[in-house]
Amino acid sequence: MPEYLRRAIRRLPGTLFALIFPDQCRVCGEPLREVSRIPVCPKCLDEPPPLTAEFFCVSCRTPFLNPFPLDSEGRCALCRLGLRQFDAAYTYGAYEGTLRKLIHLFKYSGIRTLARPLAARLALALPRSQSFDLIVPMPLHWFRSWRRGFNQSALLAAELSRRTGIPVREAVRRKRATLSQAGLSNAQRRSNVKGAFALRRGMAVQGKRILLVDDVMTTGATATACAQVLKEAGAASVVLLTVARVDRRWTSPAAAPGALANAASLGTL
Ligand SMILES: [Zn+2]
Ligand SMILES: [Zn+2]
């Protein structure tokens, strides 16, 4: 066998690998040195920090710049007004930077192998003191799920179940497709998803402590509509668990210059 052919064959596995897998981290662009089913370097996978806040609602854990939106029991206006149907919400990090890029790669570029590292973040955010009977993934409308080829929340739920041993039930379905929530106000978001969910036939959730899993929480309107269906079917509790949540501390009206000055004078900045 000619030497050049021998050399070509020796290089084949690497060449095939490079054909199938990109050789650059899809987040930072650095060359990938290790063989992995995930096209992201270990540094980027490890990077996203947990969300931290000095002030947050005791119930939905929305972070705030200062204590003013919270009542004497530490609840935000939405929780105080009963506009949330879930009992608590936990999240790993803020929906920005590397974590946002990882979620985009997972969801929109179809890199399903990211389900495992992202579910590891979910597990970190899971409250240790609480027990759950069922994991319920946030349903996608069948059309969106068909177009994307998968439901990202169902993949996360399956990985979390593998880690925790809590069974998964796709107990809720989307009855109708909803407009994208992007660009809608809180109230518009609530009416957009109102009545969009229904319990699947034959799903018994009576008395169950449910962990509702989703990739991202924005205002919690979608989770509220879904939790309402579970509560009406007799669920004992519904706790929302997400990989990331939109952190509006620095962009909301509360972060306007006046509010910032107030916060600064209170030593919260
Ligand atoms: Zn990287
Ligand atoms: Zn709240």
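A word on handedness before we start: a crossing is called left-handed if the near helix is turned anticlockwise from the far one by less than a right angle, and right-handed if clockwise. This is a predicted model, where local features need pLDDT of at least 70, side-chain atom pairs count only at pLDDT 80 or more, and totals for chains, interfaces and linings use all residues. Residues are numbered from 1 along each chain as its sequence is written, while chains are lettered from A and ligands numbered from 1 in the order in which they are written.

Start with the overall count. The chain has 10 helices and eight strands; these are DSSP runs numbered from the N terminus, with helices being H or I of at least four residues and strands E of at least two. Of the 269 residues, 33% count as buried, where buried is 20 or more other C-beta atoms within 10 Å of a residue's own, exposed is 12 or fewer, and partly exposed is in between, with C-beta atoms placed from the backbone. Residues 24 or more positions apart supply 71% of the chain's contacts with a separation of 6 or more, a contact being two C-beta atoms, placed from the backbone, within 7 Å.

Now find the open sheet of four strands, ordered 3-8-7-4 with parallel pairing; strands pair if DSSP finds at least two bridges between them. Strand 3 (88–94) and strand 4 (134–137) are at the edges with a single partner strand each, so one side of each has no neighbour in the sheet. On average, and ignoring direction, neighbouring strands here are turned by 20° against each other. Strand 7 (residues 209–217) and strand 8 (residues 237–245) pair in the parallel sense over eight bridges, and V216 stands opposite A244 in strand 8.

Next, the helices on the sheet. Helix 9 (residues 221–232) touches strand 4, strand 7 and strand 8, and its direction makes about 165° with that of strand 7; such angles run from 0 to 180 degrees between N-to-C directions, with axes fitted as lines to C-alpha atoms, for helices over the stretch in contact. Helix 5 (residues 115–125) lies across strand 3, strand 7 and strand 8, at about 130° to strand 3.

The axes of helix 8 (residues 186–193) and helix 9 come within 8 Å and cross at roughly 35°, in a right-handed crossing. N186, R189, R190 and V193 of helix 8 make the contact with A221, T222 and A225 of helix 9.

Helix 5 packs with helix 7 (residues 152–164) at about 65°, axes 9 Å apart, and this crossing is right-handed. Among the residues that meet are L118 and L122 in helix 5 and L156 and L160 in helix 7. The contact divides into eight nonpolar residues, one polar and three charged; Ala, Val, Leu, Ile, Met, Phe, Trp, Tyr, Cys and Pro count as nonpolar, Asp, Glu, Lys and Arg as charged, and the others, Gly among them, as polar.

What covers the buried residues of helix 4 (residues 97–107)? The cover includes strand 3, helix 5, helix 7, strand 7 and strand 8, and the buried residues themselves are L99, L102, I103, L105, F106 and K107.

Finish at G234, in the loop between helix 9 and strand 8. G234 counts as exposed because it has 12 C-beta neighbours inside 10 Å.
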